[in-house]
Amino acid sequence: MKRKLEIIALLFGCCCLIACNAKSNDNNNTTYGEVTFSADEDESKIDIAQIEQAFIDEYIGQKDSSKCVQKIIERLGSNGYIAIDSENRIDMTNADEMKQFISIQESGKQAEICVFQIFYSGGVNILSINADEGNINIIQQYYAFQDGHLVEGAKSEFEATYFEYTDEGYLMIEGSYNSPDLYVLTMSEEEEHIALRVEPLDEECRKLCEKYLKPISYGMNNMFITNWNEDDYGNLDFYDIFERFYKETYGISCPYTMNDDLSVGNEYEIPAEEFENVIMQYFRIGAKELHRLLRYDSDKNVYLYRPRGYEEHDYAEVPYPEVVAYKKNDEGSLTLTVNAVYPNDNASKLFSTKVTVIEDNGKKYYLSNEIPGDEELNLWWHADRLTDDEWSECYKGGDEPSDDYSWLIPQADHENFTADEKKKLESDTLTIAANIWELYDNVTIDESSNSFNC
């Protein structure tokens, strides 16, 4: 029911957005599309042509965006700019200048600085930070690299309500600004969370993170947020792991997907060999143990698999893992100290875990995940899979047939409409929804619309 209400709210918001579009366009401070670069006093200090040339030199004809981003950051750094990638995977250039700015800001003196965030999708977010007597004002301007040019995108300005340099070497920033287009949907200002890693991180830690943590991360699985080891797998969800590693194992995306009809739950019978081959590529676990832990049909030699449905999706923004230390163990394994970085909570260490891995004959195996102490993690952004009873109630116990969309119409305790009126109202609602879908079907979203989410 919760999801149905969300869809109703979304449809209502879309209708409001269309109705208000003409009016909001006149007063919207955020601009999109290719426009002339601004030449006001602040931006005159930035050589946009020089930055554009760096993008041209590195991106044209290149396929590996990560290497391009690395080279652009190095180039900007050599020209005296403070630059970093949008995911904090590359050390910040000229970080000492940022530390000096933070020190001056903490003393209450006036200072200003400019930071360039380079995006892997091709673009740059320019952060102009001004500090004066404890007040922090931030202007951010995004440029997308399109057709060989930097194209001006969204611009926003806000006062920081949270500005903290953390023990982990991050500058965490929070604020909010008025976005007319979003206001009609959320009825509130747009929140902004920025995380900048200022302190350099050991390169080996970065490589270990890319190899062992990034392929899984924290979204739509519980591998690094619950205690487990090879003697006791606890609540580790192997179904999520199967879906996560399917492409790495077979070279194609997992074909066992949720139903297009959100009211229908899909169930698949996956041959044991196909399922076990994925899991055993990354875990030293036997078939008998998997049979015991999962829904296994011995007569058919298949695993019953249910892909996550609409009710089982995580919050849109989840933390990201960062390996900050590692220890080599006697048997050849590595124990990684992993911090969960969550800009939405202004946290450079939301929680920390110990992940033990080993490489054997060219294969990587996960041995355990340990949450030190008795820490109870606040996982409000995470959704577990439905239990068997919950799944049956959600997908088999509903009163509405799968092709009945009458739940889109609010139901009263007494009849407010005649049968003909309700039929027309339902038809009009579906027509509006179809028109909205058609309206946005061929729209290309300017990446600046989410460019400020770190």
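This is a predicted model: local features need pLDDT of at least 70, side-chain atom pairs count only at pLDDT 80 or more; totals for chains, interfaces and linings use all residues.

Student: How many helices and strands does the chain have?

Tutor: Helices (H or I, at least four residues) and strands (E, at least two) are DSSP runs, numbered from the N terminus. Here the chain has eleven helices and 15 strands.

Student: What percentage of the residues count as buried?

Tutor: Buried means under 20% relative accessible area, exposed over 50%, and partly exposed in between (1.4 Å probe, protein chains only). Of the 454 residues of the chain, 43% are buried.

Student: At what angle do the axes of helix 7 and helix 8 cross?

Tutor: Axes are lines fitted to C-alpha atoms, for helices over the stretch in contact, and angles run from 0 to 180 degrees between N-to-C directions. The axes of helix 7 (residues 238–250) and helix 8 (residues 272–280) cross at roughly 90° and come within 8 Å. Helix 7 is therefore roughly perpendicular to helix 8, a label given to angles of 65 to 115 degrees.

Student: Which residues make the contact?

Tutor: Contact means heavy atoms within 4.5 Å. Helix 7 contributes residues including Phe238, Phe242 and Tyr246, and helix 8 contributes residues including Phe275, Val278 and Ile279. The residues of this contact comprise ten nonpolar, two polar and two charged; Ala, Val, Leu, Ile, Met, Phe, Trp, Tyr, Cys and Pro count as nonpolar, Asp, Glu, Lys and Arg as charged, and the others, Gly among them, as polar.

Student: Is Arg306 buried or exposed?

Tutor: Arg306 lies in the loop between strand 11 (302–305) and strand 12 (320–328). Its relative accessibility is 10%, so Arg306 counts as buried.

Student: With which side chains does the side chain of Arg306 make a polar contact?

Tutor: A polar contact is a pair of N or O atoms within 3.5 Å; within protein, one must be able to donate a hydrogen and the other to accept it, and residues adjacent in sequence count only if both atoms are side-chain atoms. The side chain of Arg306 has such a contact of 3.0 Å with that of Glu267, and another of 3.0 Å with that of Asp388.

Student: Where is Glu152 found?

Tutor: Glu152 belongs to strand 5 (residues 149–165) and is buried, at 8% relative accessible area.

Definitions and conventions. Residues are numbered from 1 along each chain as its sequence is written. Side-chain values use heavy atoms; hydrogens and water are left out. Angles under 35 degrees count as roughly parallel, over 145 as roughly antiparallel, 65 to 115 as roughly perpendicular and the rest as oblique.
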